[in-house]
Amino acid sequence: EHIANQIAAGEVVERPSSVVKELVENAIDAGSTRIDVTVEEGGLQLIRVKDNGSGIGDDDVENAFQRHATSKILTGKDLFAIRSLGFRGEALASIAAVAKVDVVTSTDGSGLGRRLVIEGGTIKTFEPAQSMQGTEFTVRELFYNTPARLKYMKTIQTELGHISDLIYRLALSYPSIAFTLKHNDNALLQTIGNGDLLQVIAAVYGVHTAKSVMKVKAEHLDFELEGYIGKPEMTRSNRNAMSWFVNGRYVRSFPLNQAVLRAYHTLLPINRFPMVVLQARMHPTLVDVNVHPAKLEVRFSKEAELCEFIGSTLQQLLLKQQL
Ligand code: ADP
Ligand code: MG
């Protein structure tokens, strides 16, 4: 059974940033307003995610590490109407199969909670413990029992790059959550969590960038569009600063990026790209988030209409700005 868990884990836990993603998404699902992420050695030595969310109750802690025990999927139809970030119920089981995990959690403000230690899928400790309301996950020595996987890890800088990109995107998509990211005691990001997206843009891209953006807010039939786009004179050499969020979830979308680039087309020098941070909202039945296992790619059932709406909204805004 451990072997099966390790094999399945390979699909969920590809590298340190996959662990950070699952833990932070769980913290978001738990209603947290503050999430602190600490990593050491690119996350290979240690990943700690501390939140102030709902916590995990006595009866649920062990269950949370059972594969599919928590799966929220009931019928195939539900796949098209997913509202929370987690829905497969296998992340914690997968992480625990390939690392040493320590969880301290409490569901109330009593100061008391519980602690579970699980290593390579085996429960080592389950005991009462002092805890603030919320959950603190510490994941040590990732892939310690799967040396073949460990060999595929890149440099600390590369692994850290994946983690910081991920936390930047999550901070951008949840301006009402206060995020911090620390690597080996260096503070890499701190957001206030007061709901102001412009403050997050300043924290992620710098104050200078935050001063050269235009606000976007529009709605049309099935869609709402909201966020900021960079003025055309502030360009970037690649598409990395084009971030899309669909119903709160970061996605990679070629068609949505193309719609943006069409709106800017005469305004940008060749091979230059704008900075955009845009959120599209629509009824969950209009998005299929299950196209890609890592849930980064999506399919829209009204893609042409959506792209048309994005294109015309941004074009109008850019025209107005030039007058
Ligand atoms: P999923 O998120 O798909 O349900 P996971 O394996 O990621 O599956 O998590 C299992 C369960 O553990 C969650 O459904 C949730 O009930 C609980 N859980 C995990 N992390 C947290 C957290 N930070 N705060 C509260 N509950 C959590
Ligand atoms: Mg989850």
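**Reading helix packing and the core**

Guide: The chain has ten helices and 17 strands. Helices (H or I, at least four residues) and strands (E, at least two) are DSSP runs, numbered from the N terminus. The model is predicted: local features need pLDDT of at least 70, side-chain atom pairs count only at pLDDT 80 or more, and totals for chains, interfaces and linings use all residues. Residues are numbered from 1 along each chain as its sequence is written.

Visitor: At what angle do H9 and H10 pack?

Guide: Axes are lines fitted to C-alpha atoms, for helices over the stretch in contact, and angles run from 0 to 180 degrees between N-to-C directions. Here H9 (residues 254-264) and H10 (residues 303-322) pack at about 30°, with axes 8 Å apart. So H9 is roughly parallel to H10; the label covers angles under 35 degrees.

Visitor: Which residues make the contact?

Guide: Two residues are in contact if their C-beta atoms, placed from the backbone, lie within 7 Å. H9 contributes Pro255, Leu256, Ala259, Val260, Arg262, Ala263 and Tyr264. Among those from H10 are Cys307, Ile310 and Leu314.

Visitor: Which residues touch the most other members of the largest nonpolar core?

Guide: A nonpolar core is a set of buried Ala, Val, Leu, Ile, Met, Phe, Trp, Tyr and Cys residues joined through C-beta atoms within 7 Å. Buried means 20 or more other C-beta atoms within 10 Å of a residue's own. Of the 79 residues in this core, the answer is Val24, Val49, Ile95, Ala96 and Ala171. Helix H6 (residues 156-173) supplies the largest share, seven residues.

Visitor: How much of the chain is buried?

Guide: Of its 323 residues, 37% count as buried.

Key: Chains lettered and ligands numbered in written order. Parallel < 35°, antiparallel > 145°, perpendicular 65-115°, else oblique. Buried ≥ 20, exposed ≤ 12 C-beta atoms within 10 Å, placed from the backbone.
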